[in-house]
Amino acid sequence: MIEIERKFLVKSTAFKAEAYKQTRIVQGFLNTDKARTVRVRLKGEQGFITVKGPSSSDGLERFEWEREIAKNEAEALLKICEEGVIDKTRYEVKAGKHTFEIDEFYGDNEGLIVAEVELVTKEDQFIKPEWLGTEVTGDVKYYNSQLSKHPFKLWK
């Protein structure tokens with residue numbers, strides 16, 4: 001249940017032409033404590049609840065537990081979430097043996113596009129597409145739980 005991933009900014013929308021799948025995601029947080037976050041997500045027509053633990057010191061590893069829940073349960077839980085809903089489209093792009101998940105944000109986070117790649121080990125090598133920009137792994141301001149409280153539009 002340990003997730004290993006790296007996160008990057010995206011410097012162009014060229015990834016859209018490479019995407020084999022895209023899904024609208026709306027999510028909120030029942031808890032945004034640094035020691036544990038509890039997320040509720042509607043991903044297309046599916047509902048999910050996720051618990052994440054604190055990140056490792058390098059930001060690469062994090063406990064993650066997720067379960068699918070009924071759509072109507074997710075919709076009900078979203079109504080009692082903390083203030084600040086995340087609205088985004090997730091694009092999935094294959095690059096070698098890995099899949100990048102690229103999130104294009106809307107609403108208060110409009111203009112932010114972030115890519116993540118999940119790894120098997122910290123040393124796992126992966127292909128870096130041309131549209132991949134600066135690495136922001138471990139920078140908590142890019143965590144969705146933080147974007148819900150301190151959105152991208154307020155950074156400028």
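Predicted model: local features only at pLDDT ≥ 70, side-chain atom pairs only at ≥ 80, totals over all residues.
Where do K71 and E75 both lie, and how many residues apart? Both are in helix 2 (residues 71-78), four residues apart, about one turn of the helix. Residues are numbered from 1 along each chain as its sequence is written, and side-chain values use heavy atoms, with hydrogens and water left out.

**Salt bridges overall**
- The structure holds 17 salt bridges, a salt bridge being a side-chain nitrogen of Lys or Arg within 4 Å of a carboxyl oxygen of Asp or Glu.
- Side chains of opposite charge can pair when their charged atoms come close.

**Within helix 2**
- K71 and E75 meet through their side chains in a salt bridge, at 3.9 Å from N to O.
- Helices (H or I, at least four residues) and strands (E, at least two) are DSSP runs, numbered from the N terminus.
- K71 is partly exposed at 31% relative accessible area, and E75 is also partly exposed, at 34%.
- For these classes, buried means under 20% relative accessible area, exposed over 50%, and partly exposed in between (1.4 Å probe, protein chains only).

**Between strands 3 and 5**
- A salt bridge joins the side chains of E66 and R39, with an N to O distance of 3.0 Å.
- This pair links distant parts of the chain, since E66 belongs to strand 5 (residues 61-69) and R39 to strand 3 (residues 36-43), 27 residues apart.
- R39 is buried, with 8% relative accessible area, whereas E66 is partly exposed at 32%.

**Between a loop and the segment after helix 3**
- The closest N and O atoms of K153 and D108 are 3.1 Å apart, forming a salt bridge.
- K153 lies in the segment after helix 3 (144-147) and D108 in the loop between strand 7 (98-105) and strand 8 (113-119), so the pair ties together parts that are 45 residues apart in sequence.
- Both partners are partly exposed: K153 has a relative accessible area of 49% and D108 one of 40%.

**Annotated domain**
- An unreviewed UniProt entry places the feature "domain: CYTH" at residues 1-149; UniProt positions are given in the numbering used here, feature names are shortened, and annotations may be inferred rather than shown by experiment.
- Over residues 1-149, the chain is 52% strand and 11% helix, and the end C-alpha atoms are 26 Å apart.
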